[in-house]
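Hello,

Here is the two-chain question we talked about, ready for you to open.

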Amino acid sequence: MDESEDVPKDFIKLKSEKLSVDEVSELVISPYCGAASLFIGTTRNHFEGKKVIHLEYEAYTSMAEMEIKKICGDVRQKWPSVKHIAVHHRLGVVPVTEASVIIAVSSPHRAESLEAVMYCINTLKASVPIWKKEIYEDEYSWKENKECFWANSE
Amino acid sequence: QVSVLYFARSAELAGLRCETLSVPRQITSLQLWEEIVKVHPRLAVIRDQVVFAVRQEYVLLGDQVLVLQPGDEVAIIPPISGG
């Protein structure tokens, strides 16, 4: 068994096409890992009593990819046994129930991959320059993550 | 001369996504904001919510002195909502 053939990799993609859970999980599966954990963020159909028609995402793409890469680096420092990390985020229109983000992490044992996935989504929400517009029936709203490190929630 | 990028609400208020602006090579981040608001006064309403990204590093609006090179990218970053 030569584990040096299976070099740890980060798979980061921002794209407007529909995301695939199969595709993202296959990226991280490794014969040396007994665990792969997954987070899927999907579009909810309501907010504060208003019906959500769909979400629209935009990104500062070059910086977003760099910030996600930094998050992957942090993950590998905190959980050195983590093998592969995949973060796919959708841009443009995302209809209700479809996925806007899928994060997958593999590790030899389950604790690390579960913790790393949670860290990834929490940190992404705090630091990656991506914006979401919620489209309602007769208005829209630019959302603000409470994790955003510079915005004051009043 | 720097490239200024506008995103999300700031792009709606400014009416554009990208432009070139002439600014002094050394300027505080707050002064840079004020230069931009001169060109796009409607941006003033979001002043307390935005930060900059200068050469893809976050910078708060304040006294921090920026040393800008021609062609540098400066982005207006409203509160983020990824994920």
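**Strand E4 of chain A and its partners**

E4(A) is joined to strand E8 (residues 130–136) of chain A by 7 bridges, and the two run antiparallel. Two strands are said to pair if DSSP finds at least two bridges between them; helices (H or I, at least four residues) and strands (E, at least two) are DSSP runs, numbered from the N terminus. Before going on, please note that this is a predicted model, in which local features need pLDDT of at least 70 and side-chain atom pairs count only at pLDDT 80 or more, while totals for chains, interfaces and linings use all residues. Residues are numbered from 1 along each chain as its sequence is written, chains are lettered from A and ligands numbered from 1 in the order in which they are written, and side-chain values use heavy atoms, with hydrogens and water left out.

A:Lys50 forms it with A:Glu139, the closest N and O atoms being 3.9 Å apart. This pair links distant parts of the chain, 89 residues apart: A:Lys50 is in strand E4, and A:Glu139 is in the loop between E8 and strand E9 (140–142) of chain A. Over all chains the count comes to 14 salt bridges.

**The open sheet of chain A**

In chain A, 4 strands form an open sheet with mixed pairing, in the order E1-E5-E7-E2. Strand E1 (10–15) and strand E2 (35–42) are the edge strands, each pairing on one side only. Within the sheet, strand E5 (residues 85–90) and strand E7 (residues 99–107) of chain A pair in the antiparallel sense over 5 bridges, and A:His89 has A:Val101 in E7(A) as its bridge partner. Helix H1 (residues 21–28) of chain A packs on the sheet, touching E1, E2, E5 and E7, and its direction makes about 155° with that of E5(A). Axes here are lines fitted to C-alpha atoms, for helices over the stretch in contact, and angles run from 0 to 180 degrees between N-to-C directions.

**Where the chains meet**

How many residues of chain B are in contact with chain A? There are 24, and they touch 33 residues of chain A, with contact meaning heavy atoms within 4.5 Å. The area buried between the chains is about 2300 Å², with carbon and sulfur atoms giving 58%; buried area is the accessible area (1.4 Å probe) that two parts lose on being put together, summed over both. In chain B, B:Gln56, B:Ile80 and B:Gly83 lose the most area to chain A, together 31% of what that side buries. Across this interface the rule finds 2 salt bridges, including B:Glu12 with A:Lys133, whose closest N and O atoms are 3.4 Å apart.

Best wishes

Definitions and conventions
A salt bridge is a side-chain nitrogen of Lys or Arg within 4 Å of a carboxyl oxygen of Asp or Glu.
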